[in-house]
Amino acid sequence: MTAPTNLFSASPNPTLNGGYCRACGYVFFPKQSYGCEFCGAPPEKLEAKSLKGEGVLSSFATVNLHQARGIETPFTVGVIVLDDGPAIRAVLTHKTDDGLEIGDRMRAVVVTVDNEGGAPANELRFAKPETLQ
(Lines give C-alpha, C1' and ligand atoms only; values in the text may rest on other atoms or scores of the structure.)
Protein backbone atom coordinates (compact mmCIF):
# COMPACT_ATOMS: atom_id res chain seq x y z
CA MET A 1 0.00 0.00 0.00
CA THR A 2 1.40 3.39 -0.98
CA ALA A 3 1.10 6.39 1.34
CA PRO A 4 -0.89 9.41 0.16
CA THR A 5 1.40 11.96 -1.48
CA ASN A 6 0.16 14.76 0.79
CA LEU A 7 2.26 13.26 3.60
CA PHE A 8 5.57 14.38 2.11
CA SER A 9 7.19 16.46 -0.60
CA ALA A 10 8.46 14.34 -3.47
CA SER A 11 11.80 16.08 -3.87
CA PRO A 12 15.45 14.96 -3.75
CA ASN A 13 15.46 15.94 -0.04
CA PRO A 14 11.87 15.18 0.98
CA THR A 15 10.23 16.93 3.90
CA LEU A 16 7.34 15.50 5.89
CA ASN A 17 4.08 17.42 6.26
CA GLY A 18 3.56 17.47 10.01
CA GLY A 19 2.09 19.86 12.51
CA TYR A 20 2.78 21.90 15.61
CA CYS A 21 0.59 22.79 18.60
CA ARG A 22 0.93 26.45 19.58
CA ALA A 23 -0.53 25.69 23.04
CA CYS A 24 2.05 23.14 24.21
CA GLY A 25 4.74 22.93 21.52
CA TYR A 26 3.98 19.31 20.58
CA VAL A 27 5.23 18.36 17.09
CA PHE A 28 3.43 15.55 15.27
CA PHE A 29 3.30 13.58 12.04
CA PRO A 30 1.20 13.18 10.01
CA LYS A 31 -0.58 16.52 9.92
CA GLN A 32 -4.10 16.37 11.32
CA SER A 33 -6.80 18.86 12.23
CA TYR A 34 -8.85 17.35 15.07
CA GLY A 35 -6.85 18.93 17.95
CA CYS A 36 -3.67 18.29 19.87
CA GLU A 37 -3.30 14.65 20.86
CA PHE A 38 -0.88 15.66 23.64
CA CYS A 39 -2.59 18.52 25.49
CA GLY A 40 -6.09 18.43 24.01
CA ALA A 41 -5.92 21.95 22.55
CA PRO A 42 -8.61 22.69 19.92
CA PRO A 43 -7.86 22.53 16.17
CA GLU A 44 -7.40 26.30 15.88
CA LYS A 45 -4.22 25.97 18.02
CA LEU A 46 -2.59 23.70 15.40
CA GLU A 47 -0.48 24.84 12.48
CA ALA A 48 1.28 23.05 9.64
CA LYS A 49 4.98 22.36 10.12
CA SER A 50 7.44 21.04 7.57
CA LEU A 51 9.63 18.38 9.19
CA LYS A 52 13.14 17.66 7.97
CA GLY A 53 13.29 14.01 6.91
CA GLU A 54 16.29 13.12 9.09
CA GLY A 55 16.63 11.30 12.37
CA VAL A 56 17.97 8.33 14.32
CA LEU A 57 16.96 4.68 13.98
CA SER A 58 15.55 3.53 17.32
CA SER A 59 14.33 0.04 16.37
CA PHE A 60 13.87 -2.15 13.31
CA ALA A 61 12.55 -5.53 12.19
CA THR A 62 12.84 -7.49 8.97
CA VAL A 63 9.66 -8.99 7.53
CA ASN A 64 10.33 -12.29 5.75
CA LEU A 65 6.75 -13.40 5.09
CA HIS A 66 3.81 -11.11 4.38
CA GLN A 67 0.21 -12.27 3.98
CA ALA A 68 -0.68 -9.79 1.23
CA ARG A 69 -0.07 -10.75 -2.37
CA GLY A 70 2.28 -8.60 -4.39
CA ILE A 71 4.39 -7.40 -1.46
CA GLU A 72 7.98 -8.43 -2.04
CA THR A 73 9.82 -9.83 0.97
CA PRO A 74 12.12 -9.45 2.73
CA PHE A 75 11.75 -5.79 3.71
CA THR A 76 12.72 -3.91 6.84
CA VAL A 77 10.56 -1.56 8.90
CA GLY A 78 12.14 0.91 11.29
CA VAL A 79 11.15 3.46 13.88
CA ILE A 80 12.98 6.74 13.25
CA VAL A 81 13.04 9.49 15.86
CA LEU A 82 13.09 12.59 13.70
CA ASP A 83 15.44 15.44 14.58
CA ASP A 84 12.31 17.64 14.61
CA GLY A 85 10.68 15.57 17.36
CA PRO A 86 8.22 12.82 16.51
CA ALA A 87 9.02 9.14 16.09
CA ILE A 88 7.65 7.57 12.92
CA ARG A 89 7.51 4.07 11.51
CA ALA A 90 8.64 3.60 7.92
CA VAL A 91 9.92 1.04 5.45
CA LEU A 92 13.68 1.25 5.05
CA THR A 93 15.58 0.97 1.77
CA HIS A 94 17.57 -1.89 3.35
CA LYS A 95 15.90 -5.18 2.41
CA THR A 96 17.27 -6.89 5.55
CA ASP A 97 18.75 -5.74 8.81
CA ASP A 98 22.33 -6.47 7.66
CA GLY A 99 24.45 -3.42 8.43
CA LEU A 100 21.79 -1.66 10.53
CA GLU A 101 22.32 -0.63 14.14
CA ILE A 102 20.24 1.20 16.70
CA GLY A 103 21.42 4.82 16.62
CA ASP A 104 22.18 4.88 12.86
CA ARG A 105 21.45 8.22 11.18
CA MET A 106 18.59 7.93 8.67
CA ARG A 107 17.35 10.19 5.89
CA ALA A 108 14.04 10.23 4.03
CA VAL A 109 14.10 9.29 0.36
CA VAL A 110 11.34 8.97 -2.21
CA VAL A 111 11.33 5.77 -4.24
CA THR A 112 9.10 4.89 -7.17
CA VAL A 113 7.17 1.66 -6.74
CA ASP A 114 4.38 -0.06 -8.65
CA ASN A 115 1.09 0.38 -6.81
CA GLU A 116 -1.68 -2.22 -6.71
CA GLY A 117 -2.94 -1.18 -10.15
CA GLY A 118 0.55 -1.45 -11.67
CA ALA A 119 1.00 2.31 -12.12
CA PRO A 120 4.13 3.91 -10.65
CA ALA A 121 3.72 5.75 -7.35
CA ASN A 122 6.04 7.63 -5.00
CA GLU A 123 6.69 6.08 -1.60
CA LEU A 124 8.56 7.56 1.36
CA ARG A 125 11.30 5.37 2.79
CA PHE A 126 14.35 5.91 4.98
CA ALA A 127 17.99 5.06 4.29
CA LYS A 128 21.38 5.46 5.90
CA PRO A 129 22.84 8.62 4.29
CA GLU A 130 26.07 6.86 3.28
CA THR A 131 24.07 4.40 1.14
CA LEU A 132 22.62 7.25 -0.93
CA GLN A 133 25.92 8.24 -2.59
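Predicted model: local features only at pLDDT ≥ 70, side-chain atom pairs only at ≥ 80, totals over all residues.
**Entry 1: R22 and E47**

R22 has a relative accessible area of 44% and is partly exposed. I then asked which residue forms a salt bridge with R22. The partner is E47, and the closest N and O atoms lie 3.5 Å apart. I placed both residues on the chain. R22 sits in the loop between β1 (15-21) and β2 (27-28), while E47 belongs to strand β3 (residues 46-52). They are 25 residues apart, and the pair links distant parts of the chain. E47 is also partly exposed, at 37% relative accessibility.

**Entry 2: E54 and its arginines**

I searched the whole structure for salt bridges and got 9. I followed up those of E54. One joins E54 to R105, with the closest N and O atoms 3.8 Å apart. R105 is in strand β7 (residues 105-114), E54 in strand β4 (residues 54-63). The separation is 51 residues, so I noted this as a link between distant parts of the chain.

Another salt bridge joins E54 to R107, the closest N and O atoms being 3.5 Å apart.

Is E54 buried or exposed? I found a relative accessible area of 19% for E54. Buried means under 20%, so E54 counts as buried. R105 is partly exposed at 36%. R107 is partly exposed too, at 27%.

**Entry 3: the network**

I checked what else is tied to these residues. K52, E54, D83, R105 and R107 are linked in a network of salt bridges.

**Entry 4: nonpolar cores**

I turned to the nonpolar residues. How many residues are in the largest nonpolar core? It has 15. L16, I80, L82, L92 and F126 have the most contacts inside this core. I listed the elements that give it two or more residues: β5 (75-82), β6 (87-91), β7 and β8 (120-127).

I took L82 for a closer look. Leaving out residues up to four places away in sequence, L82 touches L16, L51, K52, E54, G55, I88 and F126. Two of these names were in my network entry: K52 and E54 belong to the salt-bridge network. L16 and F126 I had already noted among the core residues with the most contacts.

Conventions. Residues numbered from 1 in each chain as written. Heavy atoms only, no water. Salt bridge = Lys/Arg side-chain N within 4 Å of Asp/Glu carboxyl O. Helix = DSSP H or I, 4+ residues; strand = E, 2+ residues; numbered from the N terminus. Buried < 20%, exposed > 50% of the residue type's maximum accessible area, 1.4 Å probe, protein only. Core = buried A, V, L, I, M, F, W, Y, C linked by side-chain atoms within 4.5 Å. Contact = heavy atoms within 4.5 Å.
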